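Let's take a walk through this model together. Keep the viewer open and follow along.

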Amino acid sequence: MNFGLNKYYDTISLNYINDIFFAVNKGVANASKKNNIESFNELLDFIQYTLLTGSFKRSLNCYSKACTNLIYLYPNLNSNFKKIYIERIFDSLSMKISLSEKYDKEEFNYVELSYLPLINLSKLILEEEDFDLFNEGFQKIENSLFSIDYRKDNSGYSFKFLTIMLCWGYYLKFHTKISFDKFNFSYFEDNYDSVVGYDNNFFNDFFNLFDEIEKENLWSVNNWETKKPPMNKAYFVLQPKTWLTFGFVMILLKYSYLIRATDDLKKIKLKDRFKYIFDDIEKILNGITIENKEYMDFVFNGTEQTDDVQLNYRKEKIISLFSYLKKEIEIENYKQIMRVPLSNNKIKEFRSNVGELWERNAVIFNVLQKLEKVIYLANDRSIDGFGFFRTMLKMRFAFIEGKHHQNIIGLADFGASLAKSMDDLFFKKLIDFNTKIINKNIIGQIDLFIEKSKNKNNLIIFANWRTEKKLTNIEENVENNFPFSNKTYNNIPIINVFNSYKDYIFIVDFSDIEIKVYTNDEENWYKNMLIVDVTEYQKEIITDETIREWKEKDNITYNHDEVDVLENNNVNVKVIFKFEYIIPDSVDFLILE
């Protein structure tokens, strides 16, 4: 089995020592297979006293390999031998943790390694749903002369161990078919209660653990799955943030005193995670209702008299805390972002992306270019532009350099939106001619229109994929070099990337249609045709009304200084095309419904 333990196991380069581990593993597996209890116990003595205890506080590399080896051995044992194995190994690990956790930081490394097999073996037993073995193993630890005193641990690893076990157990309880109630989790819950009850640094400790799991893969729990991954098949990997966040919410609901009204929230170290975890927490809480007895029994320890008021009070404390933390980290980030100047390179990149999308999607403009119907003129300031002028709230980060820069998916969509709006304007102008819309004998009308046309090279049919089916004798023409067209009807190009008037077919003679395009060679004009620019937002005086508007937008209460920070993170975006469609009254076209 692959446990992702390489960093703990591959610690020795000497082949003869590695050979010893291999030979012992093989011997243990064979003894278990043949039910040879005498041989099994002798080999287990060697593992326990020579490999494990012999390297304890003497060689960190050997101890790391010995601890990891304990995990690899377990799946090779039969059920009778697993009981002996777990009782002896749990007792031995408990003793080593107990002897190390009160000493100097150098010995903390041995504490970390001692928890490695303890937590991973516990996870394996949970997977097998062997609640008798699980309960007996931790009963052995509790009754040991060297039982773990979690309250006196100054290494921090007992908190991490208990937190991971509770988060994982609570996730399994509500997301798998595990018989959770048969496992004696009171061992963890009672000890956790005694540990966190005196922990004024709980939230910092938890989120430091979160980081340690995700970034350093503490105890390889980053690799944990609720079931064995399928071979040679794609599957959704269980992310630590999924089960850790869920377990964390359950802990906060169950141990409601962890959020105290008297706490100084400024002591919680701000992390970028707070920007995103709020939504996950809120989603989990929304799924917990008074009607769900399983949740209620869990949160209130089976107390009969529970109601919406009690549940909502606990939920609201959590929402309030993480709403505050989300706001604090965002404001802190925005304070740093507002000091970074807008980047000319990022604005150029934005201009290029917007311009390319506009070019690729502007159907009528491309048609008129192909037909050489574009009149390019020098910019005339008296002519109004067509497009967008938007204030993008809190989006300065997209146009700066450095660590605070973030991409926004779809940011360049201004180009495609402008192209569509230009096309909509063209077809609206045709409809505004009050031409009668035909809904009978569609094929006959189109054929007659084509037949009467003096210049068939300027005819275009516009239809979407559905209305196109009304036409017959459509020919695929993949080599057709007319923009947006790979089909023809009687040699007339069909364009069907056009969606606004989905119930219509247009056939248009472009002989007398032109477009005036106003150009400029200034830097903020894309290919001298399209104005694309990003500029600083000009703040106004912040009033009570301004603060109220921000509160309504974000559903968060801000003060004056916080709103000032947010306003400094706004930018203005301008995407403008200066043009005029020239469509004479004599234009020839048909609209068919």
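This is a predicted model: local features need pLDDT of at least 70, side-chain atom pairs count only at pLDDT 80 or more; totals for chains, interfaces and linings use all residues.

Residues are numbered from 1 along each chain as its sequence is written, and side-chain values use heavy atoms, with hydrogens and water left out.

Start with an open sheet of 3 strands, in the order 1-8-12 and with mixed pairing. Helices (H or I, at least four residues) and strands (E, at least two) are DSSP runs, numbered from the N terminus, and two strands pair if DSSP finds at least two bridges between them. Strand 1 (374-378) and strand 12 (579-582) each have a single partner strand, so they stand at the edges, with one side of each left without a neighbour in the sheet. From one strand to the next, the twist averages 20°. Strand 1 runs parallel to strand 8 (residues 514-519), and 5 bridges join them. To find one, look at Leu 377: its bridge partner in strand 8 is Tyr 518.

Now bring in helix 16 (residues 363-370), which lies across strand 1, strand 8 and strand 12, at about 100° to strand 1. That angle is taken between N-to-C directions, from 0 to 180 degrees, using axes fitted to C-alpha atoms, for helices over the stretch in contact; contact means heavy atoms within 4.5 Å.

Next stop is helix 9 (residues 186-196), where 8 of the 11 residues are buried (under 20% relative accessible area, with exposed over 50% and partly exposed in between, using a 1.4 Å probe and protein chains only). Among the buried ones are Tyr 187, Phe 188 and Tyr 192. Their cover includes helix 7 (131-143), helix 8 (157-175), helix 10 (202-216), helix 11 (240-254) and helix 13 (293-299).

On to the rings. Rings of Phe, Tyr and Trp (its six-membered ring) pair if their centres lie within 6.5 Å; planes under 30 degrees apart count as stacked, over 60 as edge-to-face and the rest as tilted. That rule gives 65 aromatic pairs. Phe 207 and Phe 248 are edge-to-face, because their centres are 5.3 Å apart and their planes at 75°. Phe 207 sits in helix 10 and Phe 248 in helix 11, so this pair ties together parts 41 residues apart in sequence. Phe 207 is buried at 1% relative accessible area, and Phe 248 is buried at 0%.
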